[in-house]
Amino acid sequence: VNIRRDVPYRTTDAGVLTMDVYSPPAALEAARTPAVVFAIGFSDLGAERFLGCKFKEMASYIGWGKLTAASGLTAITYTTTDPATDIQALLSHVRENASSLGIDGNKIGVWACSGNVPLALSVLIEESREYLKCAALCYGYMLDLDGHTSVAEASKKFGFVNPCAGKTVDDLPDSVPLFIVRAGRDETPQLNETMDRFLAQALARNLPVTFVNHAAAPHAFDLFHDSETSREIIRQILAFLRFHLLA
């Protein structure tokens, strides 16, 4: 695939924030390809202290970026110091510079996992964004519903942003399809409980939800559960993104 690394998208007091753009191998210079933004709900300042690198430099994000591009879509990973603000700047930059990036700015999907999911949900909840066509949410914290506080507590413990505090399923648009993957053996039961409550209310509202329960999988199954089932679910995620972005 074609990779453009460290493309600037925002300048802050902390420095220049950049993105990596993974384009399909057969993409023509004049073609406009739908894009998938990989939402990051943690500051890279903390990530570098604890993980030794920025999120977009992790092998998992590089792998997903390449795989998404090889599937015919553009993938975008990025650096961030203020996740809730930076993703808004990123989306604006991508749409304003869609032509030079070779991206169809009217067809953008969101991918998020784990503690990054609340940020992705907040993007969907924001004012109407017709260009957001779908979202894939993997083994993630969802919303605090029915008086529960698991997401807020996890946000404080692990350091991810929670812009959806106080929001409910009713705040989500009914026009954005969601692909939700549950890791049945997630090491954090409270995480799956947030997903179970979310799914019950999303179905009650008849939202366009595709749900897969990977019964044998731990958290981050795409990294740690080497099985045909894991690979098939990854293929399903990519097929879902392709269906809603290339239609």
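Phe38 has a relative accessibility of 1% and therefore counts as buried, a term that stands for under 20% relative accessible area, with exposed meaning over 50% and partly exposed in between (1.4 Å probe, protein chains only). The model is predicted: local features need pLDDT of at least 70, side-chain atom pairs count only at pLDDT 80 or more, and totals for chains, interfaces and linings use all residues. Residues are numbered from 1 along each chain as its sequence is written, and side-chain values use heavy atoms, with hydrogens and water left out.

The structure holds 11 aromatic pairs. Rings of Phe, Tyr and Trp (its six-membered ring) are paired if their centres lie within 6.5 Å; planes under 30 degrees apart count as stacked, over 60 as edge-to-face and the rest as tilted. Phe38 and Tyr61 form an edge-to-face pair, with 6.5 Å centre to centre and 80° between the planes. Because Phe38 belongs to strand 3 (residues 33-38) and Tyr61 to helix 2 (residues 59-70), this pair ties together parts that are 23 residues apart in sequence. Helices (H or I, at least four residues) and strands (E, at least two) are DSSP runs, numbered from the N terminus. Tyr61, at 5% relative accessibility, counts as buried.

A tilted pair is formed by Trp64 and Trp111, at 5.0 Å centre to centre and 45° between the planes. Trp64 lies in helix 2 and Trp111 in strand 5 (residues 103-113), so parts 47 residues apart in sequence are tied together by the pair. Both Trp64 and Trp111 are buried. Ring pairs link Phe38, Phe42, Phe55, Tyr61, Trp64, Trp111, Tyr141 and Phe160 into a cluster.

Helix 6 (residues 150-158) has as its buried residues Ser150, Val151, Ala154 and Ser155. These residues lie on the same side of helix 6 because they cover an arc of only 135° around the axis, the arc being that of the directions from the helix axis to the C-beta atoms. An α-helix has 3.6 residues a turn, so residues three or four places apart point the same way. The buried residues of helix 6 pack against helix 5 (117-125) and helix 7 (189-204), while Glu153, Lys156 and Lys157 are exposed on the other side of helix 6. Just after helix 6, Gly159 takes a positive phi of about 95°.

Asp86 is placed in helix 3 (residues 83-96). Is Asp86 buried or exposed? With a relative accessible area of 0%, Asp86 is buried. Not counting residues up to four places away in sequence, Asp86 touches Tyr9, Arg10, Leu17, Thr80 and Thr81, where contact means heavy atoms within 4.5 Å.
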